[in-house]
Amino acid sequence: MEIIEEALNGVKLLKPAVFGDHRGYFYESYNIDTFKKLGIEESFIQDNQSLSTEVGVLRGLHFQNAPFAQAKLVRVIFGSVIDAVVDIRLGSPTYGKSYAAILSSENKQLLYVPKGFAHGFATLEPNTLFSYKCSNIYNKESEGGIAWNDSNLNIDWKTESPILSEKDTNNISFSEFKSQFTY
């Protein structure tokens, strides 16, 4: 496992060692000792998986407030996404900045997202299967969301007309977030 890029003060794009032959491939997507050597000290306690059947499904930008804040390790099992994060940690040198990367079953890259980031993704292929390891349990009362299309965040989701949940159509702007939250 190697760090390809470290972005936004703790966000890490990771590339696993993939071993392939005529039968297919094998790779280790998570090993606590390997991650500790890379400076990732999180213990993950919840795994989530989502299937998005159409191109342009956009999920996010989501976050969990303390005490249920979550670090995440995300990857695509099948298909591809544009995966994006926004630093919402007040006082961070990258506060309010966004970062995006393409994650796919082909490139097998993972994204480590520390606590204090809003996270989302948009599918680039049909039937995309997405996996999340989380460092804390989900708590509905602690969830929040920032508008996917906030012009201040300038995220290129690679889709003009995303397919959104009702919840995600009601997410607040980053300006509203700043006035309501002191993450």
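User: Which strand is joined to strand β1 (residues 2-7), and how many bridges are there?

Analyst: Start with the ground rules. This is a predicted model, where local features need pLDDT of at least 70, side-chain atom pairs count only at pLDDT 80 or more, and totals for chains, interfaces and linings use all residues. Residues are numbered from 1 along each chain as its sequence is written, and side-chain values use heavy atoms, with hydrogens and water left out. Strands of a sheet pair through backbone hydrogen bonds, either parallel or antiparallel. Strands (E, at least two residues) and helices (H or I, at least four) are DSSP runs, numbered from the N terminus. Two strands pair if DSSP finds at least two bridges between them. Here, β1 is joined to strand β2 (residues 11-15) by five bridges, and the two run antiparallel. Ile 3 stands opposite Leu 14 in β2.

User: Which residue in the hairpin of β1 and β2 takes a positive phi?

Analyst: Leu 8, with phi near 50°. That hairpin has three residues between the strands. β3 and β4 also form a hairpin, with two residues between them. Four bridges join β3 (residues 18-21) to β4 (residues 24-27), in the antiparallel sense. There, Asp 21 stands opposite Gly 24.

User: In what order do the five strands of the open sheet lie?

Analyst: The order is β9-β8-β11-β6-β13, with antiparallel pairing. β9 (98-104) and β13 are at the edges with a single partner strand each, so one side of each has no neighbour in the sheet. Neighbouring strands are turned by 25° against each other on average, direction ignored. For such angles, axes are lines fitted to C-alpha atoms (for helices, over the stretch in contact), and angles run from 0 to 180 degrees between N-to-C directions.

User: How many bridges join β8 and β11?

Analyst: Seven, between β8 (residues 80-87) and β11, antiparallel. Val 85 stands opposite His 119 in β11. Arg 59 stands opposite Phe 121 in β11. Phe 63 stands opposite Gly 144 in β13.

User: Why is β6 described as largely enclosed?

Analyst: Read accessibility first. Buried means under 20% relative accessible area, exposed over 50%, and partly exposed in between (1.4 Å probe, protein chains only). Five of the seven residues of β6 (residues 58-64) are buried, so the rest of the structure largely encloses this strand. β6 also holds Leu 61. The peptide bond from Gly 60 to Leu 61 is cis, with omega near 5°. Another cis bond runs from Ala 66 to Pro 67, with omega near 10°. Pro 67 sits in the loop between β6 and β7 (72-78).

User: How many aromatic pairs are there?

Analyst: A pair of aromatic rings is described by the distance of the centres and the angle of the planes. Rings of Phe, Tyr and Trp (its six-membered ring) pair if their centres lie within 6.5 Å; planes under 30 degrees apart are stacked, over 60 edge-to-face, and the rest tilted. The count is nine pairs. Phe 121 and Phe 130 have ring centres 3.9 Å apart and planes at 15°, so they are stacked. Phe 130 and Tyr 132 have centres 4.8 Å apart and planes at 75°, so this pair is edge-to-face. Phe 121 is buried at 1% relative accessibility, Phe 130 at 0% and Tyr 132 at 13%. Phe 63, Tyr 95, Phe 174 and Phe 177 form one aromatic cluster.

User: Which residue lies over the face of Tyr 25?

Analyst: A charge sits over a ring if NZ of Lys or CZ of Arg is within 6 Å of the ring centre and within 35 degrees of the ring normal. Lys 108 lies over Tyr 25, at 4.3 Å from the ring centre. Lys 133 lies over Tyr 30, at 5.4 Å.

User: Is Asn 154 buried or exposed?

Analyst: Exposed, with a relative accessible area of 67%. Its phi is near 55°, a positive value in a residue other than glycine. Asn 154 lies in the loop between β13 and α2 (166-169). Lys 158 is found in that loop too. Its phi is near 65°, and at 48% relative accessibility Lys 158 counts as partly exposed.
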